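Q: I have a structure open and want to learn to read its features one by one. Can we take it step by step?

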Amino acid sequence: VERQRIWKFTNRTNLAFRPDSLVRLPEDTVVETALTLRGHIYSPERISVYVEDAGESAQTAADLLLLLKVYDPREQKLSNIGHFIGDINTKVGDIKAAAARAAGFPADSDVLLFEENPTRVSSLDFNPETTLRETVLRSGDILVVQLPVEDVAAFVNPTLIEYFNYCVNRCTVKICKLETPKEVAFTLDLMKNMVYADVVA
């Protein structure tokens, strides 16, 4: 129990459901914790929390919990790699270095940094000396790192932005013959943002 930090979840206006703030142990009761979960109707039967194994640092100050992922453009794969705990004075450069290590990259790698939301992905180009206090980041945000790609043309989705757009817009279309409209002749994987010329090419 001494190694644990417990974070309350909250609903955001963009429909994300993220860890938001720490449960104060042992001061907060179950009822107090439930009532502070914004966007939820109080239910004593179910409280959503994120339990972190903080090890020996469990008693140190923590203002934000950032969730970390890595994007591999070769495999076109997005993977969870853990989380980062920091206070409002933590520098962006320290976060990038920690995320690079979690992804298995050298800590001094010049990685690209993105923020993932339910509806979009944004590239984050902060000065490494910028502190969390000076950014728009908040507890529960998802940060994604990737190594930069030298030959962009060699990859279908060279960065997370292209990959995210691909995931959002891809769809499988069933093609039927006029003579047999209920029988699927074949299927095509297309993009919702394709123009007609791309579909018939």
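Q: Which side chains meet E129 in a salt bridge?
A: This is a predicted model, so keep that in mind throughout. A salt bridge calls for a side-chain nitrogen of Lys or Arg within 4 Å of a carboxyl oxygen of Asp or Glu. Here the side chain of K91 meets E129, at 2.7 Å from N to O. E129 sits in the loop between β7 (121-123) and β8 (142-146), and K91 in the loop between β5 (77-86) and α2 (92-102), so the bridge ties together parts 38 residues apart in sequence. K91 is partly exposed, at 33% relative accessibility.

Q: Where is T131, and what does it contact?
A: T131 lies in the loop between β7 and β8. Beyond its neighbours within four places in sequence, T131 is in contact with I88, N89, T90 and K91. T131 counts as buried, with 15% relative accessibility.

Q: How many salt bridges does the structure hold?
A: The total is 2. In one of them, E116 pairs with K69, and the closest N and O atoms are 3.2 Å apart. This pair links distant parts of the chain: E116 belongs to strand β6 (residues 112-116) and K69 to strand β4 (residues 64-72), 47 residues apart.

Q: Are E116 and K69 buried or exposed?
A: Both are buried.

Q: Now the sheet. In what order do the strands lie?
A: The general idea comes before the case. Strands of a sheet pair through backbone hydrogen bonds, either parallel or antiparallel. Here 5 strands form an open sheet in the order β5-β4-β8-β6-β7, with mixed pairing. β5 and β7 are the edge strands, each with a single partner, so one side of each has no neighbour in the sheet. From one strand to the next, the twist averages 30 degrees.

Q: How many bridges join β4 to β5?
A: There are 9, and the two strands run antiparallel. Within β5, I85 stands opposite L65.

Q: Which strands does each helix lie across?
A: Take α2 to begin with. α2 lies across β4, β5, β6 and β8, and runs at about 135 degrees to β5. α3 lies across β4, β5, β6, β7 and β8, at about 170 degrees to β7.

Q: Which residues have the most contacts inside the largest nonpolar core?
A: L143 and V145 do, in a core of 18 residues. β4, α2 and β8 each supply at least two of its residues. The largest share, 5 residues, comes from α2. V145 has contacts beyond four places in sequence with K69, V70, Y71, I81, A99, A103, F105, V111, L112 and L113. There is also a second, separate core of 11 residues, including V121, V144, L160 and F164.

Q: Last topic: aromatic rings. How many aromatic pairs are there?
A: A pair of aromatic rings is described by the distance of the centres and the angle of the planes. The count here is 2. For Y163 and Y166, the centres are 6.4 Å apart and the planes are at 35 degrees, so the pair is tilted. Ring pairs join Y71, Y163 and Y166 into a cluster.

Q: Where do Y163 and Y166 sit, 3 residues apart?
A: Both are in helix α3 (residues 160-169), and their 3-residue spacing puts about one helical turn between them. Y163 is buried, with a relative accessible area of 14%. Y166 is partly exposed, at 29%.

Terms used. Residues are numbered from 1 along each chain as its sequence is written. This is a predicted model: local features need pLDDT of at least 70, side-chain atom pairs count only at pLDDT 80 or more; totals for chains, interfaces and linings use all residues. Side-chain values use heavy atoms; hydrogens and water are left out. Rings of Phe, Tyr and Trp (its six-membered ring) pair if their centres lie within 6.5 Å; planes under 30 degrees apart count as stacked, over 60 as edge-to-face and the rest as tilted. Helices (H or I, at least four residues) and strands (E, at least two) are DSSP runs, numbered from the N terminus. Buried means under 20% relative accessible area, exposed over 50%, partly exposed in between (1.4 Å probe, protein chains only). A nonpolar core is a set of buried Ala, Val, Leu, Ile, Met, Phe, Trp, Tyr and Cys residues joined through side-chain atoms within 4.5 Å. Contact means heavy atoms within 4.5 Å. Two strands pair if DSSP finds at least two bridges between them. Axes are lines fitted to C-alpha atoms, for helices over the stretch in contact, and angles run from 0 to 180 degrees between N-to-C directions.
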